[in-house]
Amino acid sequence: MNPLLLLNQCGQSVWLDSISRGLIIGGGLQGLIDRDGVTGVTSNPTIFAKALTGSSDYDDTINHIIGLQPGISNAALAERLMIEDIQMAADLLRPVFDRTQGADGFVSLEVSPACAGDTEATIAEARRLWFDVARLNAMIKVPATSAGIAAVEVLIAQGINVNITLMFSLDHYEAVAKAYLHGLNGHQGRHHVSSVASIFVSRLDAVVDPLLDAIGSSEAKRLRGRVALANARRIYRRFMAIFHGEPFIDLRRRGARVQRVLWASTGTKDPTYSDVLYIEGLVAPETITTVPPATLDAFRDHGTVEVDSLDAAAEADDATLAAAARLGVNLFALTERLQSDGIAAFARSHQQLLEALAQKRRTTAGTAS
């Protein structure tokens with residue numbers, strides 16, 4: 001049986017970490033939904049920049065829009081193209097959304113990286129995108145900065161689906177879960193709202209492993225490739241304590257949805273590791289794994305699915321994280337840096353997207369940007 005479908009049977013959703021006009025209109029996304037049980041799509045400025053620069057799929061639309069609005073800015077044009085992609089993908093996934101009664105079938109669109117440090121700007125941008133996309137199965141992505149977490153509470157209370165992103169630590173997760181619960185309590189009629197908490201996985205090993213290599217001891221070498229999974233599984237156990245424990249009991253009775261944990265950054269960055277390491281190590285109910293296309297193909301080809309590995313690994317995970325701390329690996333500092341670096345990377349990608357769009361305007365329409 002297709003291993004991706006086995007993940008579904010274990011209670012884990014598979015979302016594609018990619019979007020492009022060609023994938024949508026060419027039938028590729030529908031094929032992934034039908035064949036592989038893909039039930040969602042995530043996007044970010046990096047993904048859109050690659051989609052725009054990697055094909056001519058957007059050229060006719062760009063020419064049409066600037067023909068009607070010659071003075072449209074590159075930023076407004078980029079947003080228009082992104083929203084169209086999100087709407088088309090959401091329409092393809094609407095049957096999943098309906099079948100699961102609003103529990104799955106979502107497509108995520110990110111607020112501008114420029115809003116990352118401004119709560120009010122994040123709220124305003126998220127609301128505007130929510131109403132512009134106008135799809136019940138859309139999710140607005142908000143980074144888990146202090147400003148973003150404050151915005152999440154307001155957006156949830158307003159009934160806007162939110163994907164909280166760029167989370168790397170247990171501290172990030174606990175603050176986000178708290179904001180979600182407060183948002184639900186802030187408006188008793190918003191229990192239809194859906195939210196996911198996106199934990200970035202492989203990026204942590206990408207910064208921890210070089211530190212372990214520099215230490216060079218046998219203990220340090222044994223920890224390579226293990227810290228990110230241990231950290232993620234610890235967060236999942238906290239999720240279980242919150243959403244299957246006292247903090248969520250009253251809200252559950254009132255019909256509120258669990259804020260599922262989403263595993264992001266699941267592509268393997270170290271070529272010496274298995275290319276499905278971060279999928280196989282994080283199979284658990286009420287979670288989502290977001291998978292880039294190459295990793296999805298790899299898992300379909302040779303992935304294996306084992307259930308209950310997260311609970312069984314608790315003692316070993318605690319030992320791994322304790323050993324890393326003894327060796328001087330400061331997870332708090334590293335995860336804070338990773339979040340800052342992630343925001344900066346998305347800002348760069350957004351700028352690259354605008355520059356690529358300006359170039360396309362010059363080459364396809366002869367219009368000065």
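Predicted model: local features only at pLDDT ≥ 70, side-chain atom pairs only at ≥ 80, totals over all residues.

A: Let's start with helix α12 (residues 227–243) and helix α17 (residues 314–326), which pack at an angle of about 125° with their axes 9 Å apart. Angles over 145 degrees would count as roughly antiparallel and 65 to 115 as roughly perpendicular, so α12 and α17 are oblique to each other. Their crossing is left-handed.

Now for the side that each helix brings to this contact. From α12 come Val 227, Ala 230, Asn 231, Arg 233, Arg 234 and Arg 237, and they meet Ala 314, Asp 317, Thr 320, Leu 321 and Ala 324 of α17. Sorted by class, the contact of α12 with α17 has five nonpolar, two polar and four charged residues.

Another pair to look at is α6 (74–99) and helix α7 (residues 119–133), whose axes come within 10 Å and cross at roughly 55°. That angle makes α6 oblique to α7. The crossing here is right-handed. On the α6 side you'll find Glu 79, Ile 83, Ile 86 and Gln 87, and they touch Arg 128, Leu 129, Asp 132 and Val 133 of α7. This contact is made up of four nonpolar residues, one polar and three charged.

Then there's helix α8 (residues 146–157) with helix α9 (residues 170–185): their axes come within 7 Å and cross at roughly 30°. Angles under 35 degrees count as roughly parallel, which is why α8 is described as roughly parallel to α9. The crossing of α8 and α9 is right-handed. α8 puts in Ile 149, Val 152, Glu 153, Ile 156 and Ala 157, while α9 answers with Ala 175, Val 176, Ala 179, Tyr 180, His 182, Gly 183 and Leu 184. By class, that contact has nine nonpolar, two polar and one charged residues.

The largest pocket has a volume of about 520 Å³. It is lined by 28 residues, and the closest to its centre are Asp 17, Asn 44, Thr 46, Ile 47 and Lys 50. Several elements each supply at least two residues of that lining: α4 (45–53), β6 (195–200), β7 (260–264) and α18 (331–365). The lining of the largest pocket splits into 10 nonpolar, 13 polar and five charged residues.

The second largest pocket has a volume of about 300 Å³. Of its 19 lining residues, Ser 13, Thr 100, Ala 103, Asp 104 and Arg 260 are the closest to the centre. β1 (12–16), α6 and β6 each give at least two residues to this lining. In this second pocket, the lining divides into six nonpolar, eight polar and five charged residues.

Key
Residues numbered from 1 in each chain as written. Heavy atoms only, no water. 1 Å grid on protein atoms, 1.4 Å probe; cavity = no way out; pocket = protein on both sides within 12 Å on 5 of 7 lines; lining within 4 Å. Points joined across faces, edges and corners; volume = space filled by probe spheres on them. Helix = DSSP H or I, 4+ residues; strand = E, 2+ residues; numbered from the N terminus. Nonpolar A, V, L, I, M, F, W, Y, C, P; charged D, E, K, R; others polar. Axes fitted to C-alpha atoms, helices over the stretch in contact; angles between N-to-C directions. Left-handed = near helix turned anticlockwise from the far one by under 90°. Contact = heavy atoms within 4.5 Å.
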